[in-house]
2 protein chains.
Amino acid sequence: MVEGRVVQIGLLGFGTIGSSVYRLIQKERDQILEGTGVDLRVKKVLEIAPSRIPTDAPTGLFTTDFAEIVDDPSIDVVVEVIGGTDAAFDFIDVALRSGKNVVTANKQLLASRGEALFTLAKDERRHLRFEAAVAGAIPIIKVMRESMIAAGLHTVYGIVNGTTNYILTRMHQEEGDYAEILLEAQELGYAEADPTADVGGADAAAKMAILASIAFHSRVTLSNVVYAGIESITLDVVRHAKELGFVVKLVGAARLIEGKVSVRVFPALLPTNHPLASISGSNNAVFLEGTDIGEIMLMGPGAGGVPTATAVVSDIVSVANTKDVGFLQSCSCYRRLGFYAAEEVESAFFIKVSVADEAGVLAQIASIFGAQGVSIANMIQEGRGDEAELVLTTHPTKERQFFAAIEQTKGLACCRTEPMTLRVL
Amino acid sequence: MVEGRVVQIGLLGFGTIGSSVYRLIQKERDQILEGTGVDLRVKKVLEIAPSRIPTDAPTGLFTTDFAEIVDDPSIDVVVEVIGGTDAAFDFIDVALRSGKNVVTANKQLLASRGEALFTLAKDERRHLRFEAAVAGAIPIIKVMRESMIAAGLHTVYGIVNGTTNYILTRMHQEEGDYAEILLEAQELGYAEADPTADVGGADAAAKMAILASIAFHSRVTLSNVVYAGIESITLDVVRHAKELGFVVKLVGAARLIEGKVSVRVFPALLPTNHPLASISGSNNAVFLEGTDIGEIMLMGPGAGGVPTATAVVSDIVSVANTKDVGFLQSCSCYRRLGFYAAEEVESAFFIKVSVADEAGVLAQIASIFGAQGVSIANMIQEGRGDEAELVLTTHPTKERQFFAAIEQTKGLACCRTEPMTLRVL
């Protein structure tokens with residue numbers, strides 16, 4: 001057994017991730033020591049809820065007093081896995097000011113109040129690491145910060161919410177409609193009792209804000225992200241998409257357009273041969289495009305205590321092995337880019353609308369689209385009588401023009417429902 | 001513009017990768033400086049071939065004398081992109097002994113003579129980095145060394161040869177037989193004039209030796225890898241596989257079995273829903289499995305000057321930012337594991353054999369397999385008369401038992417050809 005450098009850890013929170021971090025360190029301690037020369041020890045755990053404290057916990061390991069961690073000079077790294085944006089902010093703020101390096105898995109906090117914390121970390125010359133905050137076990141933060149240095153990144157597509165990807169995967173397999181599968185997902189623990197943040201897109205939006213900030217070196221907060229969720233996706237839409245050779249996914253899209261940043265989250269149709277189309281179940285994936293690197297994708301478990309804990313542990317080791325103040329210690333946002341207006345972004349679309357079963361319908365709609373400069377890629381008229389439906393896809397057009405055309409179709413007598421529209425990646 | 005730490009580079013070789021490294025640094029220098037605080041400058045380039053030296057090269061940049069690089073105290077990092085295993089070994093050896101950090105893209109060298117160089121680098125307290133040696137732009141070395149610290153890795157599957165993946169992808173799209181597509185690939189520059197190392201599996205074997213060494217922390221050299229290539233894969237086999245829902249890929253498989261290492265490269269059938277099945281064209285991918293991390297995959301360009309250069313540049317920055325001797329500076333092989341006997345590995349198989357069109361054939365073959373303990377998963381008899389063929393897949397069995405069964409079938413009067421066998425992942 002090698003002699004290692006002892007790194008004492010103060011762990012804030014003993015929920016799913018916290019307890020997994022603790023157990024993973026116990027289990028892999030010897031391997032980590034042999035492989036990295038770092039001897040990880042969890043010295044103190046802050047946990048308020050008595051129900052979470054194991055009955056066989058070592059004496060003195062648990063505390064309800066934050067001061068026991070932050071005032072302990074032997075503790076090198078504070079791991080924040082409590083979640084939320086208020087107490088967690090204060091804990092990290094005080095820890096950094098007390099000279100501790102911090103590792104967190106808190107995406108909401110970083111996406112909403114990250115700038116203040118990164119600035120503080122820089123001023124205090126301490127690390128603030130957050131690999132586990134986005135896409136669980138996938139080391140996307142490390143890869144973007146340390147390997148995409150000269151990649152010329154301009155696009156980041158992400159499937160970064162496991163709950164919605166699980167629901168959409170099962171809908172694609174035609175195992176039920178949205179509401180049914182959401183209910184099952186809740187029963188199986190794949191969806192929260194209150195699934196709003198997941199199915200509404202806010203969770204994915206927070207993660208995309210973090211990824212975009214790193215990719216484009218300019219701060220993006222949750223409030224800069226335009227997002228929508230999957231609540232209105234019906235089995236019928238998924239089936240139509242499948243017939244046309246597409247898969248429906250909740251996609252985060254961060255792009256650098258004409259020197260400005262655009263970050264959005266929306267349900268979209270992906271061609272089945274797109275690498276992101278094959279990401280199934282609760283997996284996550286991030287697909288990067290850059291002028292120098294081409295296309296690169298990482299996929300893996302987006303959640304789960306143990307996989308997420310592996311990301312926390314590699315952050316701790318990285319902090320322990322980077323004693324010198326390097327670029328990883330400061331915020332990567334060294335410039336302030338503007339935001340590209342959402343309505344000017346170019347997107348391809350899928351449209352489904354119930355129409356009157358009569359001659360001339362196609363011509364009327366095609367003429368409205370043509371007048372707005374929206375070019376139609378594919379058009380199918382299906383069913384007869386009351387069942388008559390028009391399904392079409394467009395070539396990429398400015399969204400402003402596309403939605404102007406859609407507004408006009410709403411006035412047509414031959415359109416019997418409001419058109420259902422989805423972006424095509 | 002920030003003031004950065006100047007890092008002077010000596011570049012050995014100005015071929016495809018070397019010239020791309022040079023141009024990428026020229027193009028991205030300001031971005032790299034802003035993002036990382038490192039100011040990269042190529043001080044000298046060693047290139048023997050006058051035809052490779054651009055006519056507009058700055059005066060004094062190129063040299064044919066290695067001493068001008070290795071004896072220049074201002075040069076911090078030597079980048080070796082010459083290739084080959086003889087001169088390159090000596091260059092790296094002397095550079096390390098002269099106090100230079102080294103970045104290389106040389107897989108053959110590391111897979112065959114890596115141990116001596118890693119040991120030297122450790123003794124000299126210098127870095128020897130090699131991200132670009134495996135899977136081009138995909139940062140698999142960084143991810144495995146720095147993020148899979150507590151992942152419990154036990155399996156590494158890789159599509160790590162772009163040429164064979166390009167050929168097999170086109171065969172899967174039924175665009176021609178092996179020989180035709182290889183010829184086209186050579187004309188397009190996707191395959192070498194002498195394609196032996198690629199199509200025969202040796203290139204993939206060298207890369208898998210490197211990946212296995214890192215994954216399992218035990219040295220694997222090229223001579224420890226059992227490998228085969230794709231020369232015998234016919235369009236007919238690819239079609240049969242496709243009918244059964246499989247894609248044929250050249251797969252590297254490194255596994256930890258009962259504490260021993262098994263590393264092999266072979267053409268295999270992958271179910272179309274396996275993440276590696278979707279890796280098309282000249283792309284590479286590495287799929288990792290670990291008890292703690294679950295399943296994780298990285299995909300991207302496996303070759304090409306500029307993508308590979310991005311990997312070289314991130315290695316240089318990483319070296320420049322890790323002044324202190326950390327675990328990344330030493331060889332990651334801290335233990336010596338034995339090798340698992342190839343014939344004891346369990347694999348599932350696909351078998352195709354021409355048979356007599358008569359009653360009892362299935363029964364005879366099934367009985368031989370049953371006696372050897374090989375369980376049949378799927379069996380199809382196709383065609384009539386002279387065209388009669390049996391196509392079957394097995395459940396995983398020890399390869400020793402499987403091949404014993406195959407030997408016995410060769411003695412059967414009803415088998416009119418030697419059985420064609422392929423592993424199923």
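User: Is A:Ile138 buried or exposed, and where is it found?

Analyst: This is a predicted model, in which local features need pLDDT of at least 70 and side-chain atom pairs count only at pLDDT 80 or more, while totals for chains, interfaces and linings use all residues. Residues are numbered from 1 along each chain as its sequence is written, and chains are lettered from A and ligands numbered from 1 in the order in which they are written. A:Ile138 has 30 C-beta neighbours inside 10 Å, and a residue is buried if 20 or more other C-beta atoms lie within 10 Å of its own, exposed if 12 or fewer, and partly exposed in between, with C-beta atoms placed from the backbone. A:Ile138 is therefore buried, and its place is the loop between strand S6 (128–129) and H5 of chain A.

User: Which residue of chain B does A:Ile138 touch?

Analyst: Two residues are in contact if their C-beta atoms, placed from the backbone, lie within 7 Å. Leaving aside residues up to four places away in sequence, A:Ile138 touches A:Asn284, A:Val286, A:Leu298, A:Met299 and A:Gly300, and from chain B it touches B:Ile296.

User: Which elements give two or more residues to the side of chain A that touches chain B?

Analyst: The contact involves 44 residues of chain A and 44 residues of chain B. Helices (H or I, at least four residues) and strands (E, at least two) are DSSP runs, numbered from the N terminus. On the chain A side, the elements giving two or more residues are helix H1 (16–36), helix H5 (140–147), strand S12 (294–301) and helix H11 (305–321).

User: How do the residues on that side of chain A divide by class?

Analyst: Ala, Val, Leu, Ile, Met, Phe, Trp, Tyr, Cys and Pro count as nonpolar, Asp, Glu, Lys and Arg as charged, and the others, Gly among them, as polar. By these classes, the side of chain A that touches chain B has 22 nonpolar, 14 polar and eight charged residues.

User: In which sense do S12(A) and strand S12 of chain B pair?

Analyst: Two strands pair if DSSP finds at least two bridges between them, and here there are three bridges. Within S12(B), B:Met299 stands opposite A:Met297. The sense of the pairing between S12(A) and S12(B) (residues 294–301) is antiparallel.

User: Which residues touch the most other members of the largest nonpolar core?

Analyst: A nonpolar core is a set of buried Ala, Val, Leu, Ile, Met, Phe, Trp, Tyr and Cys residues joined through C-beta atoms within 7 Å. Not counting residues up to four places away in sequence, A:Ile316 touches A:Val7, A:Ile9, A:Leu40, A:Val77, A:Val79 and A:Val103. In the largest core, which has 282 residues, those touching the most other members are A:Ile316 and B:Ile316.

User: Which element supplies the largest share of the side of domain 2 of chain A that touches domain 3 of chain A?

Analyst: Chain A is divided into domain 1 (5–136 + 307–329), domain 2 (140–301) and domain 3 (343–424), with bounds that come from an automatic or database domain assignment. In this contact, 10 residues of domain 2 of chain A meet 10 residues of domain 3 of chain A, and helix H10 (235–243) and strand S10 (260–271) of chain A each supply at least two residues of the domain 2 side. The largest share, five residues, comes from S10(A).

User: Which strands of the six-stranded open sheet of chain B stand at the edges?

Analyst: The sheet has the order S3-S2-S1-S4-S5-S6 in chain B, with parallel pairing. Each edge strand has a single partner strand, so one side of each is left without a neighbour in the sheet; these are strand S3 (62–63) and strand S6 (128–129) of chain B.

User: How many bridges join strand S1 of chain B to strand S2 of chain B?

Analyst: Strand S1 (residues 5–12) and strand S2 (residues 38–46) of chain B run parallel. One of the pairs is B:Val6 with its bridge partner B:Asp39 in S2(B). The number of bridges joining S1 to S2 in chain B is eight.

User: How many residues of H9(B) are buried?

Analyst: Helix H9 (residues 202–216) of chain B reaches 21 Å from its first C-alpha to its last, close to the 21 Å expected at 1.5 Å a residue, where the expected span is 1.5 Å times one less than the number of residues. H9(B) is largely enclosed by the rest of the structure, because the buried residues number 14 of the 15.

User: Is A:Glu258 buried or exposed?

Analyst: A:Glu258 lies in the loop between strand S9 (246–257) and S10 of chain A, and has a positive phi of about 50° although it is not a glycine. Most residues other than glycine have a negative phi. With 8 C-beta neighbours inside 10 Å, A:Glu258 counts as exposed.
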